[in-house]
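Here is a short briefing to keep beside the viewer as you look around. Have the sequence and the structure open, and we will go topic by topic.

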Amino acid sequence: MKLITAIIRETQLDKVREALIAAEITRITVSRVSGHGQQRVEEIHRGQRVVPDLIPKIKIDIAVNDAFVDITVFTILKSARTSELEGNLGDGKIFITPLEDCIRIRTGERGGEAI
Amino acid sequence: MLFSGKRLFLFLFMLLAVSSAAFGSEGKPVDSGATAWMLTSTALVLLMVPGLAMFYGGLVRSKNVMGTIMHSYIAMGIISVLWVIAGYSLCFGKNALGGWCGWNNSYFFLKGIDNSIIDAGVPEYVFSMFQSKFAIITPALIAGAFAERVSFRAYCFFIAVWSLLVYDPLCHWVWATDGFIFNLGARGAIDFAGGTVVHISAGVSGLVAALYLGSRRGHPYQVIRPNNLVITMLGAGLLWVGWFGFNAGSSISSGLGTAQALAATQVAAATGALTWVIIEGLHQGKATALGFASGILAGLVAVTPAAGVVQPYGAMCLGIAASGICYTAILIKNRLGYDDSLDAFGIHGVGGIAGALLLVFFIRPSWMTEASALAPGWNIWKQLGVQLTAVSIAILYSAGATLAIVFVVDKIFGFKSSESDEMAGLDRSYHGERAYGMLNPS
């Protein structure tokens, strides 16, 4: 079991969700986060240019069984890029971490069954 | 000597000052009571525009809040300017172009009304500014039909052209003393405060535009939920308050007619809201706040054309009928699957039509007596015919003209947002802003 954490642009959320649903990956957790990577954006407030330290992003957490890691990662990669071939600075990152256990609260099932 | 020359001069000067304050240059006295209420009404109707901005702003997703609010606010800018340049003249000038619109050279930039007092004893500036608020809110209402998916620039051009080509002529036909709908039948078509001019025209135009532009991305499969019902409720409350100016102000006086309209307005809003939550409670098991707000609007919309002629009992019936009919209309919309996002047609179009037609059954007897004095044998069925004519003209004209305007604006500017702009949200794409800091996506 793996925990796949993707940090993506806010603008791509719809596209990523649609792609995940199309790939039958529907059990996800979405949250709004802010962070700092290589991307630099300028915002304009009352005519003044402002460069925020922290840029708003969307974090998607998906716990998957090993067989689904590749398809999940592929789907996110394809849908979170803002241009088809190369992508742009700020498109985000995907982290994959080993997942020790997973427990469904309702039934108490453990492991791969519970995902 | 009792009066020195200087004192006498001062006395005469003061007399002149007093009389010129009380009488306009055209000799009519200013009715300070009526003027005070019309000034208040003007402010109240203006307050409905931020009210509408909040009502709509709370109903969209969190990425479209500022864009949706700006759809209302920008109308305060664009339409106010247009109104001074040409709008007032197109609406309230003498018949021009065979009665299609009005025109009066002295209304151009309002330059000829600097000293003018209208017959109601109200300075013409007040009347003109009061009417301009109706012109502002009408195109802003349309925005609810195509919320979350139009380009800001195209929207700006759309409301400017729509106001000149749809609102102003309709307003002239219905409210100018030489407008042809104003003079239908015995005492004209009854549209006290804008059932046809404001609500039917906005609702029908919204429907046409929404059908032409198509749905939002993901509609209806993706659940699109309101981001903040608190500001929606606040907006609905402001609309209710502002509607007292809208309806009671439309008497252009401060007297009995004003009071009658005010009472009808309150009763219709309250019964509309109650009816909606009762229907919802029976149908779905829960009385929602959004349902209450929708009922307020349905009741207010339906009583808008009727406020001058119905008594509280009639207003109550209109409120009940409006909520029942609008609730059904929205159920049908969901069946049909078109994307009138915030129910501009479902509430304003349908409620406006219901109010304009059903009001004939509740007209106060004294109105009918006066009508039959003017046209012997006048009865509610004849008046219903007049109402039907006015409603049909408003529907057909606004649908046809809006279709043409949307088509042209779409060809020139691209009315519907690009897919990437729509996904990113109106706030980011057109305004470079965000409404909330860390609110979770919905």
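This is a predicted model: local features need pLDDT of at least 70, side-chain atom pairs count only at pLDDT 80 or more; totals for chains, interfaces and linings use all residues.

**Chain A**

- Starting at the N terminus, the order of elements in chain A is β-α-β-β-β-β-α-β.
- The C-alpha trace of chain A covers about 55 × 30 × 20 Å along its principal axes.
- Chain A has 115 residues, and 18% of them count as buried.
- If you take the contacts in chain A between residues at least 6 apart in sequence, 70% of them link residues at least 24 apart.

**Chain B as a whole**

- For chain B, the C-alpha trace spans about 90 × 55 × 40 Å along the principal axes.
- Buried residues account for 53% of the 442 residues in chain B.
- Among contacts in chain B with a separation of 6 or more, 79% are between residues 24 or more positions apart.

**Where the chains meet**

- Ten residues of chain A are in contact with nine residues of chain B.
- Sorted by class, the chain B side of this contact holds four nonpolar, three polar and two charged residues.

**A helix pair in chain B**

- How do you describe two packed helices?
- For α7(B) and α8(B), the latter covering residues 256-284, the angle is about 145° and the axes are 9 Å apart.
- The crossing of α7(B) past α8(B) is right-handed.
- On the α7(B) side, the contact is made by Trp240(B), Trp243(B), Phe244(B), Asn247(B) and Ala248(B).
- On the α8(B) side, the partners are Thr258(B), Ala261(B), Leu262(B), Thr265(B) and Ala269(B).
- By class, the residues of this contact between α7(B) and α8(B) are seven nonpolar, three polar and no charged.

**Backbone details worth a click**

- His219(B) and Pro220(B) are joined by a cis peptide bond, with omega about 0°.
- Pro220(B) sits in the loop that runs between α6 (195-213) and α7 (229-248) of chain B.
- Leu110(B) is not a glycine, yet its phi is positive, near 55°.
- You will find Leu110(B) in the loop between β2 (101-103) and α4 (124-142) of chain B.
- Is Leu110(B) buried or partly exposed? Leu110(B) counts as partly exposed because it has 19 C-beta neighbours inside 10 Å, and a buried residue needs 20 or more.
- Asp343(B), also not a glycine, has a positive phi of about 60°.
- Asp343(B) belongs to the loop between α10 (312-336) and α11 (344-358) of chain B.
- With 23 C-beta neighbours inside 10 Å, Asp343(B) therefore counts as buried.

Key:
Residues are numbered from 1 along each chain as its sequence is written. Chains are lettered from A and ligands numbered from 1 in the order in which they are written. Helices (H or I, at least four residues) and strands (E, at least two) are DSSP runs, numbered from the N terminus. A residue is buried if 20 or more other C-beta atoms lie within 10 Å of its own, exposed if 12 or fewer, and partly exposed in between; C-beta atoms are placed from the backbone. Two residues are in contact if their C-beta atoms, placed from the backbone, lie within 7 Å. Ala, Val, Leu, Ile, Met, Phe, Trp, Tyr, Cys and Pro count as nonpolar, Asp, Glu, Lys and Arg as charged, and the others, Gly among them, as polar. Axes are lines fitted to C-alpha atoms, for helices over the stretch in contact, and angles run from 0 to 180 degrees between N-to-C directions. A crossing is left-handed if the near helix is turned anticlockwise from the far one by less than a right angle, and right-handed if clockwise.
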